[in-house]
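Please have the model open while reading.

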Amino acid sequence: MADLRIKYRPEVLDQVWGNDVVKKIWSGFVRSSSYPKSIILYGSYGVAKSSMARIFAKDITSGNSYLGNGLFPKLYEVDAAHYDPIYTWQYIHVMDMYAHEPIVIFIDEAQRLAEKAQDAFLKIIEDSPHLHFIFAASNLEKIDGGIQSRSTKLNLKNPSAPVLLAELSKIAQKENINIADGALE
């Protein structure tokens with residue numbers, strides 16, 4: 001059987017379960033074509049922070065392929081748990097110098113970045129005309145106050161029980177999985 005988490009991972013905003021407030025806020029950015037330079041997506045594990053970051057990146061880069069069509073990818077993902085600060089900073093600075101269209105830098109598990117690594121983002125967030133940053137964190141308190149003050153913070157929450165039940169029921173039907181009455185609860 002296919003991994004259903006991957007198969008049903010949201011690719012557009014309408015596929016995200018719950019988080020209607022965040023989706024409404026983001027839709028406002030899309031309508032105005034005006035996007036924050038820095039975003040912090042925070043919430044517990046499994047609330048679609050990474051999926052939302054990829055959806056946001058697609059919107060920011062005008063629906064272009066994540067791979068881009070030039071020198072740089074449109075979405076550059078960094079896993080802070082495996083962060084190589086020297087390589088990453090060299091690459092980000094090269095992107096900053098040569099990019100002529102929006103690029104999104106996605107820092108997953110941002111709460112794991114060392115304090116000095118977080119400090120290094122402050123100036124480039126302010127000064128780069130083409131780079132947008134999305135930080136995903138399960139613990140907002142571990143994100144530098146300077147980054148927080150320069151960012152739009154969006155709190156992602158677990159979907160409500162009725163939303164979960166409805167979506168899981170739809171997936172079970174699509175996958176021809178028979179689930180006994182009451183088992184989804």
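## A buried phenylalanine

F135 has a relative accessibility of 1%, so F135 counts as buried; buried means under 20% relative accessible area, exposed over 50% and partly exposed in between, with a 1.4 Å probe and protein chains only. F135 is part of strand 4. Strands (E, at least two residues) and helices (H or I, at least four) are DSSP runs, numbered from the N terminus.

The model is predicted: local features need pLDDT of at least 70, side-chain atom pairs count only at pLDDT 80 or more, and totals for chains, interfaces and linings use all residues. Residues are numbered from 1 along each chain as its sequence is written, and side-chain values use heavy atoms, with hydrogens and water left out.

Apart from its neighbours within four places in sequence, F135 is in contact with S38, I39, I40, L41, I107, A110, F121, I125 and I147. Contact means heavy atoms within 4.5 Å. Between the C-alpha atoms of F135 and Y76 there are 12 Å, and the two residues are 59 residues apart along the chain.

## Aromatic pairs

Rings of Phe, Tyr and Trp (its six-membered ring) pair if their centres lie within 6.5 Å; planes under 30 degrees apart count as stacked, over 60 as edge-to-face and the rest as tilted. The count by this rule is seven aromatic pairs. W26 and F56 are stacked, because their ring centres are 3.7 Å apart and their planes are at 10°. This pair links distant parts of the chain, with W26 in helix 2 (residues 20-32) and F56 in helix 3 (residues 49-60), 30 residues apart. W26 and F56 are both buried. Ring pairs also join W26, F29, Y35 and F56 into a cluster.

F121 and F135 make an edge-to-face pair, with 5.4 Å from centre to centre and 85° between the planes. F121 lies in helix 5 (residues 115-127) and F135 in strand 4 (residues 131-137), so the pair ties together parts that are 14 residues apart in sequence. Like F135, F121 is buried.

## Helix 4 and helix 5

Two packed helices are described by the angle and the distance between their axes. The axes of helix 4 (residues 85-98) and helix 5 come within 12 Å and cross at roughly 5°. Axes are lines fitted to C-alpha atoms, for helices over the stretch in contact, and angles run from 0 to 180 degrees between N-to-C directions. Helix 4 is therefore roughly parallel to helix 5; angles under 35 degrees count as roughly parallel, over 145 as roughly antiparallel, 65 to 115 as roughly perpendicular and the rest as oblique.

In this contact, W89, I92, H93 and D96 of helix 4 meet A117, A120, F121 and I124 of helix 5.
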